[in-house]
Amino acid sequence: MQTEIKQVSGDFSVSAQITEADVHELASLGVKSLICNRPDGEAADQPNVSEIESAAVQAGMALAYLPVVSGNFSGADIADFLAAWQRLPKPTHAYCRTGTRSITLWSLAQLRQGRQPQELLATAGKLGYDLSSALGVTPTPTAHERPPGAAHYDILIVGAGAAGISVASSLLGRVRDLDIAIIDPAEVHYYQPGWTLVGAGIFKQCDTVKTTASLIPDGVHWIKAAVGGFDPEHNRVTLEDSRPVYYERLIVAPGIKLNWHGVEGLVETLGHNGVTSNYRFDLAPYTWKLVRNLRKGRAVFTQPPMPIKCAGAPQKALYLSADHWQRSGVLGNIDIAFFNAGEVLFGVKEYVPALNEYIKRYGANISFGHRLVKIDGDNRRAWFEKNTENGEKTLVETEFDMIHVCPPQCAPDFVRESALADEAGWVDVDQNTLRHKSFANIWGLGDAMNAPN
Ligand SMILES: Cc1cc2nc3c(=O)[nH]c(=O)nc-3n(C[C@H](O)[C@H](O)[C@H](O)COP(=O)(O)OP(=O)(O)OC[C@H]3O[C@@H](n4cnc5c(N)ncnc54)[C@H](O)[C@@H]3O)c2cc1C
């Protein structure tokens, strides 16, 4: 089993994100049903729930998908969890990013069933989960004064990605004795630009991943948990298990959310039927397999509306694939199509002439204003929405032997629903200073904020 299973009771267990292989192991351990509490697209190494569900169906297990945003449970979420738990065949295994949301929902459901908070707290505590705030044993603070003993840092950083790690290093390089903490639940940190090169057979997949622990700068405290919410009026964030962490200055850098469900049929076929994406760690090698094996046929590359992370990555997949086909002597047999939701090849106009040279060299056909809306992997067909001249929308169908999809992207749910967000959901910063427009002790960094690149 790749993922550690935490046995909560005789018929209930939780864990961090599981893989398809884990599903079969859970079945062999006698587990009869699964509950997924993690919304799809939270991280770039996350299998979509439909992939886990296919494995569960094969293994004869039932699955309930009850996604919840960290630290933001409604009464309906608890009721839905309780109903699913009562309905599903036992034993049941629930998972999310770290297991915290699952065990919290189970405990809150048990509370409704009359179990005592102290007993539930002790059960969760033995498994390494601190539910004291979630279960109301430690009251959630409401006053500005922080409770004695509450975690507090001069500088608190949300997210240990490219932005979070670099800003921590950079600050420490200037003032050595700063009291800094980074909050991030991820065990591993990815060098995501490397995935383009994995998809082109140039990098090894294993060279794009390191443990988060090995990258946290010396002297910086790592809080291994997910942030569930922000309370900028009281200088605190709330972790997904409801624990508060206080700060003097906050830097918000939790990245961007990949919206795989934004294209109908995509999650059902991703990783199969010639449908791939370098935007997922585990799928970049599949891109290379498809590119290597394609000797003739139609290769389609897509780009969604902005904003996306790395506006160049959808095109880099095209150029590197075409370069391989050219060097292998098969380029003439491959019909390359680039469907771009935008109206120009690249947003920075100085780059466009050089890129156009490559489009010409590889004989690629570009369709601007075409947004991927649907894929049928089994029949190798894709549909794009296009605005007509009279302002109506029309669907354009195309076939493919392979298709590289860049998914639509949006702000992370817990940012979008917070007081820090602009209308579109991004951290609302001054584009010259990256300081929040309303809260002077908060900054946004990386993909999650709204300054232009
Ligand atoms: C295929 C591909 C190719 C790319 N190529 C390039 C390139 O050539 N050049 C370039 O400049 N950029 C490129 N990028 C983009 C680049 O990787 C991102 O812009 C960069 O990683 C953004 O850094 P970030 O710290 O904002 O987000 P990320 O690096 O994504 O890190 C976000 C971190 O926040 C954490 N997090 C998420 N939710 C929470 C939460 N609730 N609580 C706490 N922590 C949380 C995550 O675990 C993660 O560690 C590419 C990206 C991809 C996918």
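Trainee: Which charged end sits over the ring of Trp383?
Mentor: That's Lys374, with its charged end 4.8 Å from the centre of the Trp383 ring. Keep in mind that this is a predicted model.

Trainee: And what sits over the ring of Trp85?
Mentor: The charged end of Lys90, placed 4.8 Å from the centre of that ring. Trp85 also belongs to a cluster, where ring pairs link it with Phe12, Phe81 and Trp106.

Trainee: OK, rings then. How many aromatic pairs are there in the whole structure?
Mentor: A search of the whole structure turns up eleven. Take Phe12 and Trp106: their ring centres are 5.2 Å apart and the planes are at 5°, so this pair is stacked.

Trainee: Where do those two sit in the chain?
Mentor: Phe12 is in strand S2 (residues 12-15) and Trp106 is in helix H4 (residues 100-112).

Trainee: Is Phe12 buried or exposed?
Mentor: Buried, because its relative accessible area is 0%. Trp106 counts as buried too, since its relative accessibility is 2% and the cut-off for buried is under 20%.

Trainee: What about Phe230 and Phe414, how are they arranged?
Mentor: They form a stacked aromatic pair, at 5.6 Å centre to centre with 15° between the planes. Phe230 lies in strand S11 (residues 227-231) and Phe414 in helix H13 (residues 413-416), so the pair ties together parts that are 184 residues apart in sequence.

Trainee: Are Phe230 and Phe414 buried or exposed?
Mentor: Both are buried.

Trainee: Switching topic. How many cavities of 30 Å³ or more does the structure hold?
Mentor: One. The largest cavity has about 30 Å³ of space in it.

Trainee: Which residues line the largest cavity?
Mentor: Thr196, Gly199, Ala200, Asn278, Val291, Ala317, Leu320 and Ser321. By class, that lining has four nonpolar residues, four polar ones and no charged ones.

Trainee: Which helix gives the most to that lining?
Mentor: Helix H11 (residues 313-327), with three residues.

Trainee: And which domains does the lining draw on?
Mentor: Domain 2 (151-256 + 411-448) and domain 3 (258-409), with at least three residues from each.

Note on methods: Residues numbered from 1 in each chain as written. Predicted model: local features only at pLDDT ≥ 70, side-chain atom pairs only at ≥ 80, totals over all residues. Heavy atoms only, no water. Phe/Tyr/Trp six-rings, centres within 6.5 Å; stacked < 30°, edge-to-face > 60°. Helix = DSSP H or I, 4+ residues; strand = E, 2+ residues; numbered from the N terminus. Buried < 20%, exposed > 50% of the residue type's maximum accessible area, 1.4 Å probe, protein only. Lys NZ or Arg CZ within 6 Å of the ring centre and 35° of its normal. 1 Å grid on protein atoms, 1.4 Å probe; cavity = no way out; pocket = protein on both sides within 12 Å on 5 of 7 lines; lining within 4 Å. Points joined across faces, edges and corners; volume = space filled by probe spheres on them. Nonpolar A, V, L, I, M, F, W, Y, C, P; charged D, E, K, R; others polar. Domains from an automatic or database assignment.
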